[in-house]
Amino acid sequence: MTKFQLIRKILGYINLESEIDDYETIHESVERDLVFRGTNLWILIFAIIVASVGLNMNSTAVVIGAMLISPLMGPINGMGYGIATYNFSLFRKAAKNFTFAVIASLVASTAYFAISPISTAHSELLARTNPTIYDVLIAFFGGLAGIVAISSKQKGNVIPGVAIATALMPPLCTAGYGLATAQLNYFLGAFYLFTINTVFIGISSIVVSQILKFPITTLVDDEQKKRVNRWISFTIALVLIPSLYFGYLLVQKEKFMENAAKYVHNVSVYEGNLLLKNAIDPRKKSIILAYGGTTLGEEQKAAIRAKALDFSLSDVQIEFQQGISFDVFAKQNSEVGNLKVEISRLNQALQEKDRALARQQEQETRGKQILNEVRILYPQIATCAYTETLVYADTSAAVKTAITVFKTSGKDIAAADKSKIEQWLKTRLRLERVVVLYEN
């Protein structure tokens with residue numbers, strides 16, 4: 001297979017023209033999904049209620065269900081399709097219906113959260129208040145998948161997946177929560193996320209519509225085209241730039257959390273003090289450390305703060321809290337401490353007495369053991385006296401010495417045998433100095 005044939009084969013795989021539906025059918029499908037009356041209106045109302053309840057109860061499954069049944073993508077695709085084909089009447093119709101849907105969603109969600117007894121901001125709500133560049137990517141590529149599916153003869157199950165990925169309904173309901181609870185930051189963050197999703201789903205519709213060369217059914221001059229392109233570029237820049245900034249903040253936050261976690265693990269034990277609790281705040285760039293043990297001095301605190309530089313935490317604020325203080329217990333229980341010391345001293349004295357008694361008993365039995373062992377070879381040895389003592393000299397340390405007295409009866413022991421007995425006793429007793437005396 002030549003390179004040319006390989007390229008043609010690859011292009012055949014990614015070619016969309018063979019699967020594009022009839023342009024009239026696509027136009028009718030887009031125009032049908034614009035209108036919010038009858039079925040679409042009731043579906044919108046139900047989706048608003050489901051999404052609001054899901055956010056209120058912090059139920060991910062319910063929020064996903066609201067995304068699936070939400071019909072908001074219809075007018076957004078209609079606006080993108082209208083701009084791409086310069087069908088301004090269709091664009092105005094889509095924009096009008098879209099505005100109605102947004103206002104209805106905000107009114108319904110605000111009313112729900114105003115009467116709901118639960119007003120806590122759960123994770124599902126908070127997740128829609130901090131949009132970043134990553135939300136732009138999700139909206140753009142999700143929108144691409146949606147408009148390609150609409151244009152294809154094989155619709156498949158792409159549209160529900162796009163509805164989940166782009167998540168148009170939950171940000172609107174979160175904005176309603178911000179209005180109902182008078183929290184402007186929630187409203188602005190959530191509505192900005194909704195704007196990102198709307199704009200970039202529309203942009204993706206424009207891109208695909210132009211790539212697939214949807215027919216232009218109205219008369220339009222070059223000046224109008226330039227004016228439309230300028231407005232598109234301005235809208236993209238207006239929505240994209242803040243998301244880049246928020247994306248940068250998100251990356252910095254994640255880096256701070258990762259470095260702070262490593263730092264906290266490194267100082268979890270410091271000079272006998274155990275870290276009981278910690279709190280990391282990426283917004284304030286602060287770390288609170290609560291230690292249990294002896295009270296930390298200023299030099300110790302400075303040393304712990306200096307360790308933060310090893311983890312790229314140069315501008316972090318580190319605060320210390322004292323958990324369980326052993327110093328306080330020591331002051332309050334000084335008498336108990338003194339009593340423990342005295343008990344320990346008495347225990348040591350008793351242990352030393354026990355060891356001395358054990359050594360004495362061992363010496364008493366050792367003499368008898370030596371007698372029994374030596375009489376096997378030398379039966380003329382009748383008795384054995386055994387003791388251990390320390391021999392002192394002026395120039396050296398005391399030497400432990402074993403003194404053994406054998407009393408013999410009958411035949412005397414030869415000098416060579418006496419030397420063997422002495423060597424045997426040194427090995428037997430593991431002593432370098434042994435004195436052996438014989439008595440007849």
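The arginine belongs to helix 15, which covers residues 334-374. When neighbours within four places in sequence are left aside, the residues in contact with R366 are Y386, E388 and L429.

## Overall composition

The predicted model contains 16 helices and 7 strands. Among contacts between residues at least 6 apart in sequence, 71% join residues that are at least 24 apart.

## Packing of helix 5 against helix 6

Helix 5 (residues 73-84) and helix 6 (residues 88-115) pack with their axes 8 Å apart and at an angle of about 160 degrees. Because of that angle, helix 5 is roughly antiparallel to helix 6, the limit for this class being over 145 degrees. The crossing of helix 5 past helix 6 is left-handed.

On the side of helix 5, the contact is made by P75, I76, G78, M79, Y81, G82 and I83, and these meet L90, F91, A94, A95 and F98 of helix 6. Sorted by class, the residues in this contact between helix 5 and helix 6 are 10 nonpolar and 2 polar, with no charged residues. F98, which takes part in the contact with helix 5, also belongs to an aromatic cluster that it forms together with F187, F191 and F194.

## Aromatic pairs

The count of aromatic pairs in the protein comes to 13. In one of them, the ring centres of W231 and F234 are 6.0 Å apart and the ring planes stand at 90 degrees, so this pair is edge-to-face. Both residues lie in helix 12 (residues 222-266), where they are 3 residues apart, or about one turn of the helix.

A second example is the pair of F406 and Y438, which is tilted, with 5.9 Å from centre to centre and 40 degrees between the planes. F406 lies in strand 6 (residues 399-408) and Y438 in strand 7 (residues 434-439), so the pair ties together parts of the protein that are 32 residues apart in sequence. F406 is buried, with a relative accessible area of 0%, while Y438, at 25% relative accessibility, counts as partly exposed.

## Surroundings of A279

A279 is located in strand 2, which is made up of residues 273-281, and counts as partly exposed at 38% relative accessibility. Apart from its neighbours within four places in sequence, A279 is in contact with S286, I287 and I288. The C-alpha atoms of A279 and E319 are 9.7 Å apart in space, although the two residues are 40 residues apart in sequence.

Technical notes:
Residues are numbered from 1 along each chain as its sequence is written. This is a predicted model: local features need pLDDT of at least 70, side-chain atom pairs count only at pLDDT 80 or more; totals for chains, interfaces and linings use all residues. Side-chain values use heavy atoms; hydrogens and water are left out. Rings of Phe, Tyr and Trp (its six-membered ring) pair if their centres lie within 6.5 Å; planes under 30 degrees apart count as stacked, over 60 as edge-to-face and the rest as tilted. Helices (H or I, at least four residues) and strands (E, at least two) are DSSP runs, numbered from the N terminus. Buried means under 20% relative accessible area, exposed over 50%, partly exposed in between (1.4 Å probe, protein chains only). Contact means heavy atoms within 4.5 Å. Axes are lines fitted to C-alpha atoms, for helices over the stretch in contact, and angles run from 0 to 180 degrees between N-to-C directions. Angles under 35 degrees count as roughly parallel, over 145 as roughly antiparallel, 65 to 115 as roughly perpendicular and the rest as oblique. A crossing is left-handed if the near helix is turned anticlockwise from the far one by less than a right angle, and right-handed if clockwise. Ala, Val, Leu, Ile, Met, Phe, Trp, Tyr, Cys and Pro count as nonpolar, Asp, Glu, Lys and Arg as charged, and the others, Gly among them, as polar.
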